[in-house]
Amino acid sequence: MDHAADAHRTDLMTITRFVLNEQSKYPESRGDFTILLSHIVLGCKFVCSAVNKAGLAKLIGLAGETNIQGEEQKKLDVLSNDVFVKALVSSGRTSVLVSEEDEEATFVESSKRGKYCVVFDPLDGSSNIDCGVSIGTIFGIYTLTHTDEPTTEDVLKPGNEMVAAGYCMYGSSCMLVLSTGTGVHGFTLDPSLGEFILTHPDIKIPKKGNIYSVNEGNARNWDGPTTKYVEKCKFPKDGSPAKSLRYVGSMVADVHRTLLYGGIFLYPADKKSPNGKLRVLYEVFPMSFLMEQAGGQAFTGKKRALDLVPEKIHERSPIFLGSYDDVEEIKALYAMEEEKN
Ligand code: AFP
């Protein structure tokens with residue numbers, strides 16, 4: 001650490017300080033959310049460190065199989081799930097957890113229960129791990145609205161009832177992007193301090209972008225509106241320049257770029273997957289929540305994404321999200337299709 005160079009930046013807005021400041025605006029608040037968030041942050045730091053070591057771990061035989069102590073090593077996505085489940089349960093502030101890794105919801109034992117329900121994908125984009133491409137954790141938070149025994153009904157609620165959502169991207173830097181319903185704020189992990197520092201306050205997505213992001217390998221199975229939209233991106237007829245295509249295949253990375261640079265991210269329905277691929281509770285909802293809070297939109301092909309009411313915890317939905325004007329265009333194409341039918 002260069003202490004002389006760092007001397008001028010001692011007044012850092014850490015994520016904890018930021019959330020405590022927010023909390024002070026609500027005198028009735030007892031700090032439960034701040035405690036929950038600090039446990040999520042701990043999980044993110046742990047996974048960040050594990051992801052950074054993943055390549056090295058393989059080299060020295062620490063990942064995948066058996067290590068020199070004869071212990072079985074866990075795969076990163078399984079490890080990340082264990083980390084988040086333990087962090088969330090030990091916060092004492094959760095009652096129901098839904099993870100992409102677990103078929104069933106986890107109900108926290110009564111002595112450790114709290115007023116929040118957390119839905120999360122502990123390590124999204126895990127097929128990208130072995131080539132070092134950005135991956136991330138996505139989460140959404142609901143409040144438990146009763147004191148009876150919790151059930152899955154407590155999370156089978158529309159995304160517009162979430163009280164907070166965010167993601168942590170493990171990329172060239174580790175970044176946590178969070179919204180508690182008052183805008184979107186980005187925090188970058190300073191490895192020398194081990195703290196997430198506010199580096200991107202009040203993120204607003206550009207109203208229109210010049211990038212589209214989709215797996216074009218599925219094009220032959222797309223429906224009419226998606227096909228027309230992507231055609232328009234490549235061959236615009238109004239004299240505007242063609243959009244650039246960028247697709248990582250890791251939702252956190254593709255959405256993060258879309259949030260900062262503008263444009264649109266699409267994972268549409270297709271003939272093979274009529275509900276698309278992405279999961280409503282822990283992919284579509286948190287990212288749609290962030291997009292709307294940043295001034296963009298999120299649409300399923302039928303309705304506003306946050307108005308969906310999931311019936312199953314691992315339900316999927318098509319999703320189009322990003323800059324306001326770009327999503328407006330795809331909405332118009334679906335409306336035209338509906339008129340025809
Ligand atoms: P993996 O976790 O299997 O890598 O899937 C990642 C993901 O759920 C999401 O992060 C991507 O946006 C999307 O799938 C990519 O899907 P395709 O590989 O079908 O393009």
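1. A word on the model. It is predicted, so to speak of local features requires pLDDT of at least 70, side-chain atom pairs count only at pLDDT 80 or more, and totals for chains, interfaces and linings use all residues. Residues are numbered from 1 along each chain as its sequence is written, and side-chain values use heavy atoms, with hydrogens and water left out.

2. For Ser127, an N or O atom of the side chain is 2.6 Å from an oxygen atom of the ligand. For Lys277, the distance from a polar side-chain atom to a ligand oxygen is 2.8 Å. On its own the ligand has 490 Å² of accessible area, and the protein covers 78% of that. A polar contact is a pair of N or O atoms within 3.5 Å; within protein, one must be able to donate a hydrogen and the other to accept it, and residues adjacent in sequence count only if both atoms are side-chain atoms. Accessible areas come from the Shrake-Rupley method with a 1.4 Å probe; for residues, only the protein chains shown count as cover.

3. The protein is divided into domain 1 (15-200) and domain 2 (211-339), with bounds from an automatic or database domain assignment. Their centres, taken over C-alpha atoms, are 25 Å apart. In domain 1, 46 residues are in contact (heavy atoms within 4.5 Å) with 29 residues of domain 2.

4. Helix α6 (residues 251-261) is largely enclosed by the rest of the structure, because nine of its eleven residues are buried. Buried means under 20% relative accessible area, exposed over 50%, and partly exposed in between (1.4 Å probe, protein chains only). Helices (H or I, at least four residues) and strands (E, at least two) are DSSP runs, numbered from the N terminus. Among the buried residues of α6 are Met251, Asp254, His256 and Arg257. After α6 comes Gly262, with a positive phi near 90°.

5. Helix α7 (residues 280-293) is also largely enclosed by the rest of the structure, because twelve of its 14 residues are buried. The buried residues include Tyr282, Glu283, Pro286 and Ser288. Gly295 follows α7 and has a positive phi, near 100°.

6. Gln297 belongs to strand β12 (residues 297-299). Is Gln297 buried or exposed? Gln297 is buried, because its relative accessible area is 9%. Its side chain reaches the backbone oxygen of Tyr324 at 3.1 Å. Leaving aside neighbours within four places in sequence, the residues in contact with Gln297 include Met291, Phe320, Tyr324 and Lys331.

7. Asn221 sits in the loop between β9 (211-213) and α5 (224-234). Asn221 is buried, with a relative accessible area of 16%. Beyond neighbours within four places in sequence, Asn221 is in contact with Asp270, Lys271 and Lys272.
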